[in-house]
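Here's a quick briefing to read with the model open beside you.

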Amino acid sequence: MKVKEKSFFGMEWVRPLSRNISRMLAESFNRRTVAIASSAALLAGCQVVPRTETVSSTPDPSPSAGPSATALPSDTTRHRVALLVPLGGTTADVGQAIANATTMALLDTNAENIRITTYDTSAGAGAAAGRAIADGNRLILGPLLADNVPAVQTAAARARVPAIAFSNDANVAGDEVFVMGHVPEQSVARSVQYARANGSASFAALLPEGDYGQKAYSALQNSLRDYGGSLIGFERYARGNTSILGAAQRLRQRGGYDTVLIADGARLAMQAAGELRSQGAGGTRLLGTELWSGESALTRSAAVDGALFSAVSDGRFRRFSESYEARFGAKPFRIATLGYDSVLLTLRIARDWRVGDSFPVARLYDSGGFLGVDGAFRFMRNGVAERALEVRQVNGNRVVSVEAAPSSFSE
């Protein structure tokens, strides 16, 4: 059955995603009893490393043109795909979670036509990418950090190997580097669209200093241009309790708005909300961002009751989380779904990708998009993943969906 409704980019959603991929995703979470292959290694006694080989890299300004010392055996029936994540340093736990999720996807789908090899970026992302290319990988999944993308891009560009980064920074996309992360600008746009359709007309914003605040400000301006409404004012602040409270007080004293975007996480947002809604301003509508997703503290604060924010649906994530915990003994980071979905994406394209050929980059621009744990997504021409987002509302002691994410994209 086709779904037809307006998207937050003004397009109609009419084409259902591949039934096979939908079935694959649904069936994957029913295989919780699948045993981990005996070749899976243990890290620190409890964490499972992907059952494919993990290659450690050290900085090397000029990767060798030939196979590395750890070169993989020849493949005639499997595509070589590299996973670039940090397995050391402050983000090692996140990198390990993404690596675990890719293993989980391979197990859940019984994939036999893809070999995924993990390369550690903690000692140098450029060197890791160079090693991956020398080993014959035709697609890179990663890196995790936006700061690592230029080095990976430089190494991969020479071999024309595309990379699907897990970053949420749209600025690093381009030249066969695709951004798969949850981009904050899209969350703001979705919330503003919903708010405008439900009575909001005059907007204001609390914006943290730095890159995130600037992105939120630009997204708010663009959204008001697209959907109507006016920007009455905004206040910037340094990330700290006293600073955001002062900014909220100045904004409340200025007045003239009916809706305020608080572009920060739940903890600071709850403090600012109390100030914004004080002294007779209790009717002010509040908007959050995707940073609020999964924050249970929101349900314990009366100050944010009724506030709205937009994010990818958590419907499939709950099942994913249960399956992940059963396999790996710990709850996953929310971002781990990107690893799982990147494998589903690769498997779908691999149907028409002949082993040994270059990765068919054009297939990433499929207007019908792809389906994963985080719902429907597709890559726009700028290389950034457009995602189907739902609108949520803090409603007393729970967070509820007030407008579901569309389930498919139009042609």
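Leu-83 is buried, with a relative accessible area of 0% (buried means under 20%, exposed over 50% and partly exposed in between, using a 1.4 Å probe and protein chains only). This is a predicted model, where local features need pLDDT of at least 70 and side-chain atom pairs count only at pLDDT 80 or more, while totals for chains, interfaces and linings use all residues. Residues are numbered from 1 along each chain as its sequence is written, and side-chain values use heavy atoms, leaving out hydrogens and water.

**Around Leu-83**
- You'll find Leu-83 in strand 4 (helices are DSSP runs of H or I with at least four residues, strands are runs of E with at least two, and both are numbered from the N terminus).
- Leaving out residues up to four places away in sequence, Leu-83 touches Ile-98, Thr-102, Ile-116 and Phe-166, among others (contact means heavy atoms within 4.5 Å).
- Leu-83 and Tyr-119 sit 36 residues apart in sequence, yet their C-alpha atoms are 6.0 Å apart in space.

**Nonpolar cores**
- The largest nonpolar core has 43 residues, and Leu-83, Ile-164 and Phe-166 are among those with the most contacts inside it (a core is a set of buried Ala, Val, Leu, Ile, Met, Phe, Trp, Tyr and Cys residues joined through side-chain atoms within 4.5 Å).
- Elements giving two or more residues to this core include strand 4 (79-85), helix 2 (92-109), helix 9 (315-328) and helix 10 (337-350).
- Apart from this core lies another one of 26 residues, among them Ala-247, Tyr-257, Ala-297 and Phe-309.
- In soluble globular proteins, nonpolar side chains tend to be buried together.

- Gly-142 and Pro-143 are joined by a cis peptide bond, with omega at about 5 degrees.
- Pro-143 belongs to the loop between strand 6 and helix 4 (149-157).

**Positive phi without glycine**
- Asn-110, in the loop between helix 2 and strand 5, has a positive phi of about 55 degrees although it is not a glycine.
- Asp-175 also has a positive phi of about 55 degrees without being a glycine, and it lies in the loop between strand 7 (163-165) and strand 8 (177-179).
- Asp-175 counts as exposed because its relative accessibility is 58%.
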